[in-house]
Amino acid sequence: MESNCVQFLGNKTILITGAPGFLAKVLVEKILRLQPNVKKMYLLLRAPDEKSAMQRLYTEVIEIDLFKVLRNDLGEENLNALVRKKIVPVPGDISIDNLGLKDTDLIQRLWSEIDIIINIAATTNFDERYDIGLGINTFGALNVLNFAKKCVKGQLLLHVSTAYVSGEQSGLLLEKPFKMGETLSEKRKLDINIEHELMKQKLKELQDCSDEEISQTMKDFGMARAKLHGWPNTYVFTKAMGEMLMGKYRENLPLVIIRPTMITSTIAEPFPGWIEGLKTLDSVIVAYGKGRLKCFLADSNSVFDLIPADMVVNAMVAAATAHWGDTGIQAIYHVGSSCKNPVTFGQLHDITARYFAKRPLVGRNGSPIIVTKGIILPTMAQFSLYMTLRYKLPLQILRLINIVYPWSHGDNYNDLSRKIKLAMRLVELYQPYLLFKGIFDDLNTERLRMKRKENIKELDGSFEFDPKSIDWDNYITNTHIPGLITYVLKQ
């Protein structure tokens with residue numbers, strides 16, 4: 001029998017932004033597979049025209065491995081027929097008014113047909129340019145809200161944020177909304193309009209600079225503004241401001257904000273282990289497996305809050321089902337594991353070390369890459385000292401040789417220097433998460449889980465999002481790392 005969630009999706013018209021993204025694709029596949037009677041899904045993609053949008057839909061969504069279960073069940077021809085009937089790719093951009101839509105007839109049609117808006121579009125670069133971060137994560141969120149308020153049938157806006165809008169706070173972090181202008185710095189006041197004006201002013205100052213100079217300066221400016229107000233990077237700062245704007249101007253539109261933690265590969269649906277690109281933890285796993293990670297900054301006792309992508313999607317659908325038509329509601333849901341089933345960096349390191357000891361990656365020469373357990377340093381001061389003694393002092397000696405004998409080691413010095421600078425920058429970007437001391441309270445999400453279990457009619461667990469069901473050793477060893485190797489490294 002169908003669950004409440006499956007029934008809820010039937011005959012609904014849904015607008016989904018950020019459609020080529022990792023999470024949006026998992027959502028689209030799930031809806032098509034479990035509820036082919038969805039009325040219509042409009043997928044907003046960045047593209048110059050409808051033809052390009054359609055091409056992106058097929059090459060970046062429908063034709064990828066994620067859809068192989070549907071493809072096997074329905075056959076290629078029937079799947080394509082279902083896609084043509086149920087999915088409409090729409091070229092647009094949330095950073096522009098009316099989502100960048102140019103066709104006035106299409107705009108009117110969307111306003112008259114849409115039941116649910118799901119906003120997943122975001123830029124997730126930690127050190128994104130400030131103008132781009134504000135445009136997409138902050139004012140883009142407001143543009144989606146304003147568009148949703150004009151949908152005459154619209155009964156819900158579901159917005160995907162991140163749990164790390166909490167910044168670097170420690171202790172139990174509650175599922176509570178931001179107030180407009182709230183800041184994580186006790187000494188500052190936050191005015192989003194002033195941030196917008198400062199961004200435009202900085203761009204104006206840079207108008208005669210090269211594209212590379214503009215890009216780097218705007219990245220540095222975003223990081224500086226974030227840290228000034230108490231956030232560790234541009235990504236979480238601009239996402240927090242986006243939440244503020246949505247909360248302030250939502251009026252009576254039901255607003256659900258999903259705050260996932262670190263999203264990992266699928267644990268169950270449509271099959272275990274699917275992932276696209278390297279996420280936060282994955283860069284560390286792959287670097288370690290390739291023998292490039294001899295030393296790392298992390299607290300072995302720090303909890304790494306991981307959650308599989310399909311569990312996030314399940315929570316999104318369950319929340320939409322629960323709050324459909326709840327006039328005036330604003331609900332916040334942390335979707336993670338640190339509260340109910342925590343796993344530490346030390347545990348993850350041990351699991352990863354055991355995996356690659358038994359099943360090493362293969363190098364370019366065809367030989368297995370033998371890895372050692374490596375050194376974990378718990379503070380930035382210790383890590384910096386290690387890098388100085390291990391790499392920076394030898395590099396300075398190489399630099400002196402290069403000055404005396406410029407024809408000898410020039411390329412070697414410059415190459416090593418670039419690698420060390422890149423490594424230090426990456427560590428600085430990841431530091432807030434590697435040494436994170438917060439636990440994400442999920443009382444609202446637990447209530448949602450209990451409500452789902454009370455109403456459940458199906459026995460297959462197709463909308464499971466309880467982190468207590470995850471065996472971390474088994475998942476990382478038999479699902480996540482093999483998924484990384486298969487779908488990212490393609491070995």
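Predicted model: local features only at pLDDT ≥ 70, side-chain atom pairs only at ≥ 80, totals over all residues.
The expected span of a helix is 1.5 Å times one less than its number of residues. H12 runs over residues 309–323 and has 15 residues. From first C-alpha to last it reaches 21 Å, close to the 21 Å expected. H12 is also mostly covered, with 14 of its 15 residues buried. Just after the helix, Gly 325 takes a positive phi of about 80°.

The largest nonpolar core has 152 residues. Ile 16, Met 41 and Met 316 have the most contacts inside it. H12 gives the most to this core, with eleven residues. A second, separate core has ten residues, among them Leu 297, Met 387, Val 427 and Leu 435.

Leaving aside neighbours within four places in sequence, Met 41 touches Ile 14, Ile 16, Val 28, Ile 31 and Leu 32, along with Lys 86, Ile 87 and Val 88.

Next, helix packing. Helix H7 spans residues 130–149, and helix H10 spans 234–249. Their axes come within 8 Å and cross at roughly 20°. Angles under 35 degrees count as roughly parallel, so H7 and H10 are roughly parallel to each other. The crossing is right-handed. On the H7 side the contact includes Gly 133, Leu 134, Ala 141 and Leu 145. On the H10 side it includes Phe 237, Met 241, Gly 242 and Leu 245.

H7 also packs against helix H8, residues 192–205. Here the angle is about 150° and the axes are 10 Å apart. Angles over 145 degrees count as roughly antiparallel, and H7 and H8 are therefore roughly antiparallel. Their crossing is left-handed. Tyr 130, Asp 131, Leu 134, Thr 138 and Phe 139 of H7 make the contact. Their partners in H8 are Ile 192, Glu 195, His 196, Met 199 and Leu 203.

The loops hold some backbone details. A cis peptide bond joins Glu 269 and Pro 270, with omega about -5°. Pro 270 lies in the loop between strand E8 (262–264) and helix H11 (280–289).

Two residues other than glycine have positive phi. Leu 99, in the loop between strand E3 (87–91) and helix H6 (104–113), has phi near 60°. Glu 251, between H10 and strand E7 (255–260), has phi of about 55°. Is each one buried or exposed? Leu 99 is buried, with a relative accessible area of 1%. Glu 251 is exposed, at 59%.

Technical notes. Residues numbered from 1 in each chain as written. Heavy atoms only, no water. Helix = DSSP H or I, 4+ residues; strand = E, 2+ residues; numbered from the N terminus. Buried < 20%, exposed > 50% of the residue type's maximum accessible area, 1.4 Å probe, protein only. Core = buried A, V, L, I, M, F, W, Y, C linked by side-chain atoms within 4.5 Å. Contact = heavy atoms within 4.5 Å. Axes fitted to C-alpha atoms, helices over the stretch in contact; angles between N-to-C directions. Parallel < 35°, antiparallel > 145°, perpendicular 65-115°, else oblique. Left-handed = near helix turned anticlockwise from the far one by under 90°.
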